[in-house]
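Here are my notes on the model, point by point. Please read them with the structure open.

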Amino acid sequence: MAYDKFNILTSSAVPLPIENVDTDQIIPARFLKATERKGFGDNLFRDWRYNSDDTPKEQFVLNNPIYSGKILVGGKNFGSGSSREHAAWAVYDYGFRCVVSSFFADIFRGNCLNIGVLPVQVSPEFLDKIFKAIEADPKTELEINLPEQKITILATGESESFDINDYKKGNMLNGFDDIDYLLNIQKDIEKYAESTPL
Amino acid sequence: MSKTLFDKVWDSHVVKHIENGPDVLFIDRHLVHEVTSPVAFLGLKNRGIKVLYPERTFATADHNTPTRNQHLPVKDPLSANQLKALEENANAHNIPYWGLGHKKNGIVHVIGPENGITVPGATIVCGDSHTSTHGAFGAIAFGIGTSEVEMVLSTQCIMQPKPKSLRINVNGELSEAVTPKDVALFIISKLSTSGATGYFAEYAGDVFKNMSMEGRMTVCNLSIEMGARGGMIAPDETTFEYIKGREYTPKGKDWDAAMEYWSTLYSDDDAEFDKEVTFDASEIEPMITFGTNPGMGIGISKDIPLAETIDGSPATYKKSLEYMDYSEGEAMVGKPIDFVFLGSCTNGRIEDFRAFASIIKGRKKADNVTAWLVPGSHKVEAAIREEGILDILTEAGFELREPGCSACLAMNDDKIPAGKYAVSTSNRNFEGRQGPGARTLLASPLVAAAAAVTGKVTDPRELMQEEVLA
């Protein structure tokens, strides 16, 4: 299924300066029972965001109205743990289109790329600058420029480049997905399959 | 050119390489469960396509199934709906389905090896990060997201950049009461939960050579907890002995042909790894975790480390201890506990129940402990009965449940209540993993058994010593 195209995103950002944010925090397992991909944003960071009686925990960043935007900025090793793509769906469904961290867990990074959320890995120093810029001004904007593979803190002009492979970059820019690609080379796949016993 | 074990298996499965992009990797066997597959099947429906190779696909129900009264309809309507969706999807696409009550039903990573679906040199994926378990057989096995489940259902391929290689050597002999779980928790405590991210691990050295297949599965299972996509062990006589004669393994001439291939599956002597680490087995003691990620583990006789001595953010570390209601510098031994969970794809096999029973035998469950003992499959359950382990458990005041993932991720009713402590043989101690507010101490079946009979964190070596003295 094709997804949203991603080109240049300029937005304020929501800071989550915690390390090792795992996918059980992003979306707890008890919310994985749906058979369709909808409504996961309501339970994003469920147990950090709500008390057991469903009242909001006021100190949690998503419940603080001064923070908003389409970019989520997390601490090192973001998205570790379970392979549940529901975590990436929850991030997307809540309204984020980009996650910035100094380090991502592999499966979460791949899941994001597969649904059109851009994971941007920056240096620990640059991540720190972003957190400080948001602390100074919660409305401060970041520019994520995918064609140039560059992230900029607009208020200070500080920027850093980020990596993404050409294939995935093309997919993100055009909103293509891997299955379209794979279906186009199905003959090659079938030929390979004939040569390999079950 | 010399190659690693991983190179040999990966390279032979590349259908196509994309320059400055991923490889198109052919998947030999695809395991499917109820939680991460429905949206993928929906994707196929929307595209109007069928599963390309249903004979390479196997489906089971495990994640949100009850562990009591499985013969009755599932009460939770959302779980029931997901199970129904899997059954319908499997039927519509001619995929073998081992649902609740089926004699081959169980946790996906337990039943794959048990039925011979898992073989050396294969590529195996599943929408579950603990798919790394199957690497114990010298397969490349790893967890995938739902978009990738859809890719494999529709084209039998996924697109992945080739990971870097890491070799983890553990040499020497393990001490008393040190199990494969302790070896894995020890390695993760040294590398951290992100230390192997971007890598695919190979485990080598005396300790793994001398380990049983079930032990190797426990180790490979936990590869993901240090960030590695997967981990593998070169197949040897132990491997071939284990798989021979199982339902889906090759037979007759096919077996001979397969053996010819499998016997080439090892890292060449001069193969180079991107990273290599070596540990001495004698350094490892029975392990237990004290925090909220699997890297926060220590030898059971040690104290909780001080924030100033750890790598990483002190704020994150303190938040973690606060969640556990533990303090820096405290001893773990003697801490009261409320629950014990024996089970999961990490430690839900017959050897785990044997180990647990070895401590329980002749003792009684502590009154303050609620214990959930959940076999990984019906075959494990049958072995527990046949070997007389059930009698030992019953006599000590324990009850055996029916197979499933259970309290490992608490999708069903097996939830540890908020604030309670559980010594768990599972794989993750994340906040709320075993139920909202639950506090998890990861450990081996021996440590779990010692806690179950004493009601507190206890070094199993003490109890084993008592036995010797008696």
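**Notes on the two-chain model**

1. The unreviewed UniProt entry lists residues 6–124 of chain A as "domain: Aconitase A/isopropylmalate dehydratase small subunit swivel". UniProt positions are given in the numbering used here, feature names are shortened, and annotations may be inferred rather than shown by experiment. The span is 24% helix and 18% strand. Its end C-alpha atoms lie 25 Å apart. Helices (H or I, at least four residues) and strands (E, at least two) are DSSP runs, numbered from the N terminus.

2. On conventions: this is a predicted model, in which local features need pLDDT of at least 70, side-chain atom pairs count only at pLDDT 80 or more, and totals for chains, interfaces and linings use all residues. Residues are numbered from 1 along each chain as its sequence is written, chains are lettered from A and ligands numbered from 1 in the order in which they are written, and side-chain values use heavy atoms, with hydrogens and water left out.

3. Now the interface. Chain B gives 66 residues to the contact and chain A gives 54 (heavy atoms within 4.5 Å). About 5,000 Å² is buried between the two chains. Carbon and sulfur atoms give 59% of that area. Buried area is the accessible area (1.4 Å probe) that two parts lose on being put together, summed over both.

4. Four salt bridges link chain B and chain A. The term means a side-chain nitrogen of Lys or Arg within 4 Å of a carboxyl oxygen of Asp or Glu. B:Asp76 pairs with A:Lys33 in a salt bridge, with the closest N and O atoms 2.7 Å apart.

5. Which element of chain B gives the largest share of the side that touches chain A? Helix 5, with seven residues. Other elements giving two or more residues include helix 3 (77–92) and helix 11 (314–324) of chain B.

6. Helix 5 of chain B is largely enclosed by the rest of the structure, because ten of its ten residues are buried. Among them are B:Glu148, B:Glu150 and B:Met151. Buried means under 20% relative accessible area, exposed over 50%, partly exposed in between (1.4 Å probe, protein chains only). Just after the helix, B:Gln156 takes a positive phi of about 60 degrees.

7. Back in chain A, A:Glu143 sits in strand 5 (residues 141–145). A:Glu143 counts as partly exposed because its relative accessibility is 22%. Leaving out residues up to four places away in sequence, A:Glu143 touches A:Ile8, A:Leu9, A:Thr10, A:Lys150, A:Ile151, A:Thr152 and A:Leu154.
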